[in-house]
Amino acid sequence: MLQRAKQPKQPFTLFQRPGGTIWSVRFSAGGKQIRKSLETDNYDEAHHRAYQIWSEANYRVKNGLTATVRPFHEVAEEFIKLVETESERGDRSEYQPRDWPPVIHRYLVGFFGDKPIDTIREPDIERYIEWRRTYWTTGPGKDIQYIRYERGGKILRRSARHEVPSVSRQRGELVIVRALFQQALKWGYMGKIEIPDIKVRKRTDNRRPSFTPEEFALLITTSLERIHPAPEGQKVLSRDGRIWLQHRQNQHVLSDRIKLHAYIEIAAGTGMRPTEMKNLNWGNIVGFRATRDAPVRDRDVRFQVQGKGKHGTLVPLPGVISWVHTLWDKFIDEVGREPNDDDPVFADREGERIQSFKKGFAELLNACGLKQDYRGVSRTTYSLRHYYISEMIASGADVYDIARNTRTSIAMIDKHYGQVDVERLKDKLRPEQTRF
């Protein structure tokens with residue numbers, strides 16, 4: 001039984017819990033029952049605080065707000081817990097509880113903070129978008145040198161990049177913004193608002209950087225030369241004209257370069273995304289164990305891939321298979337056993353998953369002068385996917401089949417990937433039956 005105080009008729013009720021001395025208040029506002037501790041055992045002070053809370057709640061309701069104040073940072077934390085719970089149930093992608101909280105904490109909470117979430121309007125979102133664009137250049141992040149993050153239970157750090165985020169990055173983060181505010185709406189914490197899209201000027205050439213066949217041949221040749229350098233003691237002429245002697249190849253460096261070369265060959269022969277390459281386990285290479293000891297002509301595999309919220313099975317080019325065997329043998333040589341199905345295909349000397357080939361690939365691009373394409377756009381490991389798609393188009397493969405094998409759409413291929421020199425399509429552009 002609640003112990004109620006004797007009091008004149010009023011729009012709220014003061015009460016104390018059984019055995020307690022702290023007063024609480026209860027009243028209705030906006031069609032909802034509100035209970036709140038007044039954090040005092042003094043009746044007069046409790047009555048004063050209750051009247052303030054009741055007045056504020058009714059003022060908010062009359063002005064189209066929720067009766068209770070929900071600071072943005074509290075709703076953000078509640079949303080993060082929901083994302084984690086739903087991911088554990090399999091209702092969300094597993095990358096969301098890993099990638100979304102840092103964005104929410106650094107940017108969304110950093111901008112909105114304690115602001116009541118139901119007072120946020122479209123102009124506030126517009127201001128946030130502009131604030132986010134300049135966060136690392138002229139905003140709060142301009143003096144931050146390192147970003148700390150957790151991976152595998154370890155606290156790591158990487159250098160901060162003081163630049164404006166790409167349009168795709170901004171749009172990707174707006175997915176998080178929309179999801180958070182839509183959930184707040186479902187919880188009844190706020191009314192509906194429209195999240196604007198990122199507006200950009202149309203570019204004349206928004207194709208992603210790839211390689212021409214000649215450039216890719218140079219990339220492969222340079223990579224193999226770095227694996228098999230000139231004999232020890234032989235004089236080598238460097239690009240700047242200096243002459244130096246080649247010394248014994250460091251075995252760790254040699255191993256890293258072999259894996260990088262295998263990575264390049266497999267990426268360019270399958271069109272896999274970097275995240276799909278990273279996530280690839282030996283159990284995802286269907287048919288490899290069954291045909292591993294078969295004659296070369298009888299070896300064939302399929303890749304089960306997942307990443308970027310997408311998954312599927314792809315058919316690789318035949319040349320990929322030999323490099324899968326190279327990685328298999330390398331794993332046995334370094335780890336001392338055959339890989340299990342849950343072991344990563346791209347593994348370090350301890351059998352742990354290699355997170356990225358970004359640094360080694362950038363060094364290789366520099367070594368062969370291919371860091372940027374003819375437009376000055378920097379190449380990345382993603383360029384190997386674009387090379388695969390472009391070469392498949394040039395070879396005459398059906399664009400629908402290419403889209404299915406690379407888990408993308410025909411529209412995306414047309415917009416970003418089809419970097420094929422028209423000279424290579426001259427036979428298709430000049431069919432024999434065409435007469436003018």
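Guide: Helix axes are lines fitted to C-alpha atoms over the stretch in contact, and the angles between their N-to-C directions run from 0 to 180 degrees. Helices (H or I, at least four residues) and strands (E, at least two) are DSSP runs, numbered from the N terminus. The model is predicted: local features require pLDDT of at least 70 and side-chain atom pairs pLDDT 80 or more, while totals for chains, interfaces and linings use all residues. Residues are numbered from 1 along each chain as its sequence is written, and side-chain values use heavy atoms, with hydrogens and water left out.

Helix α4 (residues 122-133) and helix α5 (residues 167-186) have axes that come within 12 Å of each other and cross at roughly 145 degrees. The crossing of α4 past α5 is right-handed, a term for a near helix turned clockwise from the far one by less than a right angle, with anticlockwise giving left-handed. On the side of α4, the contact (heavy atoms within 4.5 Å) is made by Ile125, Tyr128, Ile129, Arg132 and Arg133. The α5 side contributes Arg169, Gln170, Glu173, Leu174, Val177 and Phe181. By class, six of the residues in this contact are nonpolar, one is polar and four are charged. Here Ala, Val, Leu, Ile, Met, Phe, Trp, Tyr, Cys and Pro count as nonpolar, Asp, Glu, Lys and Arg as charged, and the others, Gly among them, as polar.

The charged residues lead on to salt bridges. Side chains of opposite charge can pair when their charged atoms come close. A salt bridge is counted when a side-chain nitrogen of Lys or Arg is within 4 Å of a carboxyl oxygen of Asp or Glu, and the structure holds 20 of them.

Elsewhere, arginine 49 and glutamate 45 form a salt bridge of 2.8 Å, N to O. These two residues are about one helical turn apart because they lie four residues from each other in helix α1 (residues 43-62). For accessibility, buried means under 20% relative accessible area, exposed over 50%, and partly exposed in between (1.4 Å probe, protein chains only). Arginine 49 is partly exposed at 28%, and glutamate 45 is likewise partly exposed at 31%. A further salt bridge joins arginine 89 to aspartate 91 at 2.9 Å, N to O, and both of these residues are exposed.

Strand β5 (residues 146-151) and strand β6 (residues 154-159) run antiparallel and are joined by six bridges; two strands pair if DSSP finds at least two bridges between them. Arginine 151 has lysine 154 of β6 as its bridge partner. Two residues separate the strands of this hairpin, and glycine 152 takes a positive phi near 60 degrees.

Another positive phi deserves attention. Most residues other than glycine have a negative phi, and most peptide bonds are trans. Arginine 407, although not a glycine, has a positive phi of about 60 degrees. Arginine 407 sits in the loop between α13 (399-406) and α14 (410-417), and with a relative accessible area of 10% it is buried. Beyond neighbours within four places in sequence, arginine 407 has contacts that include Met272, Glu276, Val305, Leu314 and Arg385. Its C-alpha atom is 8.7 Å from that of leucine 314, which is 93 residues away along the chain.

An open sheet of three strands has the order β9-β10-β11, paired antiparallel, and its edge strands, β9 (285-286) and β11 (310-314), each pair on one side only.

For the chain as a whole, there are 15 helices and eleven strands, and 39% of the 436 residues count as buried.
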